[in-house]
Amino acid sequence: MTTPSSPSGTIVESPENHSHEKTDSEEFTKDLGFIPIPRRLRYDADKPFHFGMVLNISFGIASTFIVANLYYCQPLLIQFSESFNVSYSEVSRIPTLVQAGYAAGLLFLSPLGDLVRRRQLILCLVTLSTSLTIGLAVTDNLIVFEALSFLVGVVSVTPQILLPLAADLAPPERRASVLSIVLSGLLFGVLLARVLSGVIAEFTSWRVVYYLAIGVQAFVLGGSYLVIPDYPSKNKELTYWDILWTMAKYAVTEPLLIQGSLVNLASSACFANFWVTLTFLLGGPPYNYSTLVIGLFGLIGMFGVAMGPLVGRTIDMLVPWYASLVSVMLLMVFQGVQTAAGGINIAAVIIATLGLDVFRQMVQISLTTAVFSIAPEARARLNAIMLLSLFIGQVMGTAAGTAVFVSHGWRAAAALSMGWYGWQALVLLVRGPHCARYTWFGYEGGIEARKSVIEEKEKIKEAGVTGEKGFSPDKETGVKADLDQKGEAGGTSNEKSSLQGNRS
């Protein structure tokens with residue numbers, strides 16, 4: 001915990017708070033009050049835990065196998081119908097219930113990351129999802145299967161606890177790279193679940209898919225116990241209802257969050273529209289591809305996932321606003337290829353698929369990085385709002401894209417996405433990269449794009465105000481003049497301004 005910011009914006013730790021953290025470190029030796037925590041993972045305020053590549057990859061793997069719970073059922077609906085002896089329309093409720101449960105979990109469970117110890121929360125959620133999956137594998141009753149599917153969706157929000165935790169543990173200069181690995185794991189899980197369940201069900205019973213899901217979740221549970229470090233809960237002064245209330249407050253009072261959510265919503269709608277209508281496009285003239293060949297296009301999406309870490313490194317060098325804007329512009333280029341020639345030549349479809357996957361991921365990483373800078377103590381709530389906007393965008397893109405394709409054809413559906421990309425660019429351009437936390441429209445603090453330059457100017461500003469030892473006003477003036485000669489206008493980072501803003 002910290003004291004209010006000084007005039008320079010520097011956060012100062014008080015001795016009282018330090019002693020309180022020391023008490024916490026002495027107390028945090030057990031999970032849930034009775035399971036010993038490995039000594040190397042126990043919280044120690046004097047020895048912060050190092051967030052290295054192994055832990056980062058572990059977060060990504062956990063995200064892969066937990067988010068897969070939401071998608072195993074999609075290729076299995078015919079087998080469900082035969083096994084439960086019901087119609088297709090009845091089993092079609094299962095994917096809807098899983099997604100509805102996930103939305104409920106995002107709204108009511110993922111914000112707990114800002115309230116309770118996250119190691120314990122993750123262990124509880126994975127234990128619950130594993131246990132409920134056992135029920136899915138053995139039940140012979142459709143109603144029970146549907147109820148359990150909803151509950152599995154509710155508790156499969158572990159990746160949305162891991163994402164803010166990774167942002168908290170990562171060094172600021174590596175935050176986008178760290179988030180890109182976790183998000184890549186999440187996206188890989190979406191692809192892997194569909195492929196695995198389809199292949200397994202082709203040769204054996206659908207129940208084997210869920211036995212596999214039990215096994216991989218048990219693996220995640222054991223791995224989580226062995227690698228996730230323990231940290232004190234945040235916002236101890238808040239209750240659960242305070243957390244929900246402040247989440248609603250953030251959703252209407254934070255300009256950067258609203259800007260990011262609007263872009264995220266439209267970007268997700270474009271992504272869903274593309275993949276849903278792609279099936280119709282490739283299955284009809286002039287291509288007339290089989291279901292197997294259409295399914296192989298999902299493998300192209302894995303290239304976008306593999307590019308995630310490289311995208312993250314690029315974003316780490318830029319102010320996130322610029323990474324978002326460049327991504328949207330490039331998405332418009334690749335969508336233009338799809339709009340012009342998607343139904344004429346398969347090469348256009350492949351090029352569009354590659355570009356849209358890579359730069360859609362870049363948009364999401366840059367938006368998440370920017371939004372997480374608003375209030376570090378509220379990252380779980382901010383992430384929940386962003387994920388809800390993504391969820392709404394998926395529904396909108398699927399429904400609107402399908403309706404337009406059926407009524408007007410593939411080019412009209414592609415043009416719809418072009419319109420949504422234009423909307424994203426407009427939303428980004430009405431609020432510049434260096435605006436203060438509560439500025440809704442306009443440009444402030446210059447237009448510098450390089451994060452390193454912004455951070456250097458912040459250091460100069462802090463040193464000049466606080467009178468840092470060995471730093472003279474003359475030196476500050478000289479460095480500023482040198483920067484100005486290069487045309488590098490001043491600005492403040494979102495994270496710095498967030499620490500100076502009002503706290504909820």
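Tutor: Let's start with S63, which is found in helix α2 (residues 53-67); helices here are DSSP runs of H or I with at least four residues, strands are E runs with at least two, and both are numbered from the N terminus. This is a predicted model, in which local features need pLDDT of at least 70 and side-chain atom pairs count only at pLDDT 80 or more, while totals for chains, interfaces and linings use all residues. Residues are numbered from 1 along each chain as its sequence is written, and side-chain values use heavy atoms, with hydrogens and water left out.

S63 counts as buried because its relative accessibility is 0%; buried means under 20% relative accessible area, exposed over 50%, and partly exposed in between, with a 1.4 Å probe and protein chains only. Leaving aside residues up to four places away in sequence, S63 touches P159, L162, V182, G185 and L186, where contact means heavy atoms within 4.5 Å.

Now to the rings. The structure holds 19 aromatic pairs; rings of Phe, Tyr and Trp (its six-membered ring) pair if their centres lie within 6.5 Å, and planes under 30 degrees apart count as stacked, over 60 as edge-to-face and the rest as tilted. One of them joins F51 and F59: the ring centres are 5.5 Å apart and the planes are at 75°, so this pair is edge-to-face. F51 is buried, with a relative accessible area of 3%, and F59 is buried too, at 1%.

F145 and Y210 form another edge-to-face pair, 5.8 Å centre to centre with 90° between the planes. That pair links distant parts of the chain, with F145 in helix α7 (residues 142-155) and Y210 in helix α10 (residues 206-227), 65 residues apart. The relative accessible area is 0% for F145, which is buried, and 4% for Y210, which is buried as well. Both rings belong to a cluster in which ring pairs link Y72, F80, F84, F145, W206 and Y210.
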